[in-house]
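Have the view open as you read.

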Amino acid sequence: MPSYTVTVATGSQWFAGTDDYVYLSLEGTAGCSERHLLDKPFYNDFERGAVDSYDVTVEEDLGEIQLIKIEKRKYWYQDDWYLKYITVKTPMGDYLEFPCYRWITDEKEIVLRDGRAKLPRDDKTQILKQHRRKELETRQKMYRWKEWHPGFPLSIDAHSHSDLPRDIQFDNEKGIDFILNYSKAMENLYVNRFMHMFQSSWSDFADFEKIFVRISNTISEYVMQHWKEDFMFGYQFLNGCNPVLIRRCTEIPKKLPVTIDMVECSLERNLTLEEEVKQGNIFIVDYELLDGVDANKTDPCTIQYLTAPICLLYKNLESKIVPIAIQLGQQPGPDNPIFLPSDATYDWLLAKIWVRSSDFHIHQTVTHLLRTHLVSEVFSIAMFRQLPAVHPLFKLLVPHMRFTIAINTKAREQLICECGLFDKANATGGGGHVQMVQKAMKDLTYSSLCFPEEIKARGMDSKEDIPYYYYRDDGIKVWEAIKNFAEDVIHIYYESDEVVCEDVELQAFVKDIYVYGMRGVKASGFPKMIRTREKLAEYLTVIIFTTSAQHAAVNFGQYDWCSWIPNAPPTMRCPPPTEKGTVTIEQIVESLPDRGRSCWHLGAVWALSQFQDTELFLGMYPDEHFVEKPVKEAMTKFRKNLDEIVSAITERNKNKKLPYYYLSPDRIPNSVAV
């Protein structure tokens, strides 16, 4: 009688094994096998990390194996089991791989197809078509859209992390408990003695060093030493943790009535301000989005303030970007002066501090939360709802969705919810951050997520004119590497543009993102349909780049740039100055966050800057969803390209006091998971 050798691999996560009854049956083109018992209580098979083999004998040859059914029946208590994959050796000596990489919970069964990726058009038999359809129907019931706040991209319909499907939960929920992690961070940083000292001001700048952890030769230490200097202020717009706002100024806006007399002493080329603008030497950062946003009122004992500054910058003869004028409000007038480098030292310093605080708010809520976390969640939900596991694009994208829905759900549960941790230290807490996302949605466009287009739209694409913009230089390299990889995979499965158009699952995926993620707003520029392989490559690059590189660029530098509190104040406790010549050092310190808020801020930026213990970086695909040789070759090529980028970045950073490494592929996690 024909005999099949079945090999079963169990995951290595904690509690991945099972002691339940496990049954297997094979279904082929010529028939089905009986249900075979593989494991039962106290057999000690399917232990964590184990690979177990079994001989399954059938009465007649089953033909080509199409499906494997795995059933788990409870023995005593709920015992979830993480099944990595199953391989089958047929009587003819052929090997078939059946990827799973899923949890089998309760008394459930799963049906697996072999690992070869298939488009809908490739399935010819009714049984395979039915399996594909049933999988999506099941997933669409599990992954439901929900509006968290009006105007937001839709998110997952789950109140808490434990409500999520088991497959997308964190392996260890304690590892992503924000309250626990922030408290632990403060303890590790030896600042927990200050964490409850709200309303208690620091005495001077040096006093902030009591909560600053000195780590020699690091960016954070360099920031602490040089934060007052104009070059450091300007450099952060290029290579800090929010390098996405600066744009070349083509015309001085009327709401910023700066004159040549004001800035003449800052210009180095003997040109007028208009001439400097025409030559492309003037840059601008406008925080207009903060105008009208309500400041945090959750603590009646501390009044907190926001403003919406405009900052004018200049490229000097050393090609460094430095500030030359700051207006702290949007409406010009006698009580809204334009601050200049030639003003009194503390006037100019406080104006820059206000800009840095405003930049922190835009970074946290728009650059980081909206444009990486919430957008990536949209991609994730749409993928699970519309792409079955056998689809090549599911196999391509699923590593880049790892834990994203889970981290966002946990954030809504503890961090950015009403009375959440975000309210403790941030001036945009208490609802201001919600207003910001709602306002920022109008600028969330498809082209703004296309990295090269976004750089060009801000007039920041010339390496010759702006030589020290490492975020741009490294980002372009990573974007191209991802795009080349996406193109290689696309050409394996889509032989023509016509095949792209005919892929109903792909089109449903794209439509879900447009309708639910972008709320069907035509002005977003998100496509409703994809008609060419070229456009598909770009679309997939947007998804993978956003979930990996873009998030890395704006997340993992938070401790480097924000741990020195005066350089990135999460709140300001005095209103912005309305006249010049009155600012004192005491007023600046009184404006900065108190001891308690400083500590919560420090705990937050430390915790958010840490990689996961089991982090998988760009190009690392240990879960073998793809089994075909051409795709594995494409992955090898992708990793080689990424390794070359790592080497180039490492070489450039040698001996730099301010190395830029956030877009080095060996520091880019595959997904948004922190």
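Asn 270 is exposed, with a relative accessible area of 80%; here buried means under 20% relative accessible area, exposed over 50%, and partly exposed in between, using a 1.4 Å probe and protein chains only. Asn 270 sits in the loop between α5 (260-263) and α6 (273-278), and has a positive phi of about 55 degrees although it is not a glycine. Helices are DSSP runs of H or I with at least four residues, strands are runs of E with at least two, and both are numbered from the N terminus.

A word on the ground rules: this is a predicted model, where local features need pLDDT of at least 70 and side-chain atom pairs count only at pLDDT 80 or more, while totals for chains, interfaces and linings use all residues. Residues are numbered from 1 along each chain as its sequence is written, and side-chain values use heavy atoms, with hydrogens and water left out.

Ser 319 also has a positive phi, of about 65 degrees, although it is not a glycine. Its place is the loop between β14 (310-315) and β15 (321-327), and with a relative accessible area of 21% Ser 319 is partly exposed.

β14 and β15 run antiparallel and are joined by 6 bridges, with Lys 315 standing opposite Ile 321 in β15. They belong to an open sheet of 5 strands, paired antiparallel in the order β12-β13-β14-β15-β16; two strands pair if DSSP finds at least two bridges between them. At the edges are β12 (247-248) and β16 (338-339), each of which pairs on one side only.

Two helices lie across this sheet. Helix α4 (residues 230-239) lies across β13 (282-286), β14 and β15, at about 95 degrees to β15. Helix α7 lies across β14, β15 and β16, also running at about 95 degrees to β15. Axes are lines fitted to C-alpha atoms, for helices over the stretch in contact, and angles run from 0 to 180 degrees between N-to-C directions.

Helix α7 (residues 345-386) has a helix partner too: its axis and that of helix α1 (residues 126-142) come within 7 Å and cross at roughly 140 degrees. α1 and α7 are therefore oblique to each other, given that angles under 35 degrees count as roughly parallel, over 145 as roughly antiparallel, 65 to 115 as roughly perpendicular and the rest as oblique. Leu 136, Arg 139 and Gln 140 in α1 meet Met 383, Phe 384, Arg 385 and Gln 386 in α7, where contact means heavy atoms within 4.5 Å.

Finally, the UniProt annotation "binding site", from an unreviewed entry, covers Gly 17, Asp 79 and Asp 80; such annotations may be inferred rather than shown by experiment. Although spread over 64 residues of sequence, these positions cluster in space, with a largest C-alpha distance of 8.0 Å. Gly 17 is in the loop between β1 (3-10) and β2 (21-28), and Asp 79 in the loop between β6 (65-73) and β7 (81-89). Leaving aside neighbours within four places in sequence, the contacts of Gly 17 include Phe 46, Asp 79 and Asp 80, while those of Asp 79 include Gly 17 and Lys 72.

| Residue | Relative accessible area |
|---|---|
| Gly 17 | 13% |
| Tyr 54 | 12% |
| Asp 79 | 13% |
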